[in-house]
Amino acid sequence: MKTKYDETTVPALTGIKGRCPRCQRGHLFNGLLSLAPACEVCGLDYSFADPADGPAFFAMSIVAVPALAFALWLQFTFDVHLWVQLVVTVPLTVLACILLLRPLKGWLVCSQYFHKAEEGRIDREWGK
């Protein structure tokens with residue numbers, strides 16, 4: 001008999017929590033950003049998942065505008081030196097990107113499972 005799992009219906013929430021998209025109980029990650037090989041609860045093999053550079057792109061895109069706004073505010077309000085900008089703005093920007101990477105990666109992996117994403121193939125027979 002096949003085991004019935006409570007598969008995710010909201011991949012964003014499941015991914016942000018770092019949970020398995022099939023059972024929602026197992027962990028998706030081994031460490032901060034490395035995917036586990038499989039779910040320790042239901043045994044789902046995570047080899048299907050390939051978020052590639054998507055999480056980094058989205059994290060940088062989300063953080064860029066507020067970071068720029070903060071840097072401009074700091075400069076025009078306090079007229080700080082360049083070294084102050086480097087010491088304050090750069091670490092805040094990097095930290096914000098790092099904090100977003102794990103939830104975004106989880107979201108993308110769970111979305112790949114939810115939508116049954118596969119590698120694209122060319123259908124050479126189409127249109128003949």
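In this predicted model, 30% of the 128 residues of the protein chain count as buried. The secondary structure comes to three helices and zero strands, and, read along the sequence, the protein chain follows the pattern α-α-α. The radius of gyration of the protein chain is 20 Å, well over the 14 Å that the globule rule gives for 128 residues, so the chain is more spread out than a compact globule. Along its principal axes, the C-alpha trace spans about 70 × 45 × 20 Å.

The helix α3 covers residues 82-114. With its 33 residues, α3 reaches 46 Å from its first C-alpha to its last, which is close to the 48 Å expected at 1.5 Å a residue. Within α3 there is a kink of about 30° at Leu 101, shortly before the proline Pro 103. After α3 comes Lys 116, whose phi is positive, near 50°.

A nonpolar patch lies on the surface, formed by Leu 32, Leu 82, Trp 83, Leu 86, Val 87, Val 90, Val 94 and Ile 98, which together have about 810 Å² of accessible area. One of these residues, Val 87, lies in helix α3.

Is Val 87 buried or exposed? Val 87 has a relative accessible area of 54%, and because a residue counts as exposed over 50%, Val 87 is exposed. Ala 49, by contrast, is found in the loop between α1 (11-17) and α2 (54-78). Ala 49 has a relative accessible area of 13%, and since buried means under 20%, Ala 49 is buried. The two residues are set side by side below.

| Residue | Relative accessible area | State |
|---|---|---|
| Val 87 | 54% | exposed |
| Ala 49 | 13% | buried |

Ala 49 can also be placed relative to a residue elsewhere in the sequence, Ala 117, which is 68 residues apart from Ala 49 along the chain, while the C-alpha atoms of the two are separated by 8.8 Å.

How many salt bridges does a search of the whole structure find? The search finds one. In a salt bridge, the side chains of Arg 121 and Glu 118 meet at 3.6 Å, taken from N to O, and both Arg 121 and Glu 118 are exposed.

Definitions and conventions. Residues numbered from 1 in each chain as written. Predicted model: local features only at pLDDT ≥ 70, side-chain atom pairs only at ≥ 80, totals over all residues. Heavy atoms only, no water. Patch = residues over 30% accessible without salt bridge, like charges linked within 9 Å, V, L, I, M, F, W, Y side chains within 5 Å. Areas by Shrake-Rupley, 256 points an atom, 1.4 Å probe, with all protein chains shown as cover. Salt bridge = Lys/Arg side-chain N within 4 Å of Asp/Glu carboxyl O. Helix = DSSP H or I, 4+ residues; strand = E, 2+ residues; numbered from the N terminus. Buried < 20%, exposed > 50% of the residue type's maximum accessible area, 1.4 Å probe, protein only. Expected span 1.5 Å × (residues − 1). Bend = angle between axes of the 7 residues up to and from the residue. Rg over C-alpha atoms; globule rule 2.2 N^0.38 Å.
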